Amino acid sequence: MAKKIVFEPFVYPVDPTVFKVCGADEAGRGPLMGNVVAACVVLDPNNPIAGLNDSKQLSEKKRDALEPLIKEKALAYGIGQCTPQEIDEMNILNASLEAMKRAYENMALKCDLILVDGNKTIKNIEIKCEAVVKGDARVAEIAAASILAKVERDRQMYELDKQYPEYQFAKHKGYPTKLHLELLNELPVISCYRKTYGPVRKVLEAKNQNLGNSTDSLESLL
């Protein structure tokens with residue numbers, strides 16, 4: 001049985017009751033399609049929100065219930081995102097960090113410190129930035145951001161599902177499940193897909209090869 005890793009409780013480098021501290025996180029690094037969506041949140045120390053946790057540890061029902069509470073009680077929040085085309089251009093890590101930067105810039109409140117989930121910091125941002133490993137489970141501001149990002153991305157998946165019901169985006173949320181990969185092999189690769197992702201790239205290569213073979217067969221008959 002694998003030993004559970006226990007992380008040290010997070011100690012804020014500045015007092016969040018004195019300085020403005022925000023947390024940032026993203027949703028959608030693993031899926032084959034859709035935007036990577038990030039959120040940035042400044043919580044009110046005098047108006048705590050019960051139940052905050054890493055969005056992956058919460059049910060969809062719980063996340064949906066917490067989202068309006070976070071938006072109501074937070075001092076400020078912002079949403080930022082990068083498109084599949086931007087992800088293909090800059091890679092998913094850089095796109096995730098850029099989405100978090102945009103989320104901060106879309107907030108109505110400027111802060112003294114931004115805490116980012118993971119082990120990479122945001123480049124070219126106007127305030128001090130600190131990465132926090134497993135921050136979505138250790139820092140309330142990051143947990144709140146992870147919930148907002150996840151709910152917003154899921155909302156986008158439901159909208160895409162209405163536009164393209166045959167892809168069943170509402171069911172697999174873009175992740176490379178067995179169902180999704182089977183559908184992708186049968187259906188066209190539409191613009192919401194990340195074409196540099198391995199499974200998508202393989203499908204595109206196979207379809208291009210089949211198209212080339214079909215063209216060769218046609219030419220041999222002429």
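The residues that line the second largest pocket divide into 13 nonpolar, two polar and four charged, where Ala, Val, Leu, Ile, Met, Phe, Trp, Tyr, Cys and Pro count as nonpolar, Asp, Glu, Lys and Arg as charged, and the others, Gly among them, as polar. This pocket has a volume of about 220 Å³, and of its 19 lining residues the closest to the centre are Pro16, Leu43, Asp44, Pro45 and Glu141. A pocket is here an open set of points on a 1 Å grid over the protein atoms alone where a 1.4 Å probe fits, with protein on both sides within 12 Å along at least five of seven lines, and lining residues have an atom within 4 Å of a point. Grid points are joined across faces, edges and corners, and a volume is the space filled by probe spheres set on the points.

The model is predicted, and local features need pLDDT of at least 70, side-chain atom pairs count only at pLDDT 80 or more, and totals for chains, interfaces and linings use all residues. Residues are numbered from 1 along each chain as its sequence is written, and side-chain values use heavy atoms, with hydrogens and water left out.

The largest pocket has a volume of about 470 Å³. Of the 24 residues that line this pocket, Asp25, Glu26, Arg29, Lys56 and Asp117 are the closest to its centre. By class, the lining of the largest pocket has seven nonpolar, seven polar and ten charged residues, and helix H3 gives the most to it, with four residues.

The protein chain contains eight helices and five strands, taken as DSSP runs numbered from the N terminus (helices H or I, at least four residues; strands E, at least two). Of the 222 residues in the chain, 44% are buried, that is, under 20% relative accessible area with a 1.4 Å probe and protein chains only. In helix H5, 17 of the 24 residues are buried, so this helix is largely enclosed by the rest of the structure.

Not counting residues up to four places away in sequence, Tyr104 touches residues including Cys22, Cys40, Ile114 and Ile127, a contact being heavy atoms within 4.5 Å.

Key: Buried < 20%, exposed > 50% of the residue type's maximum accessible area, 1.4 Å probe, protein only.
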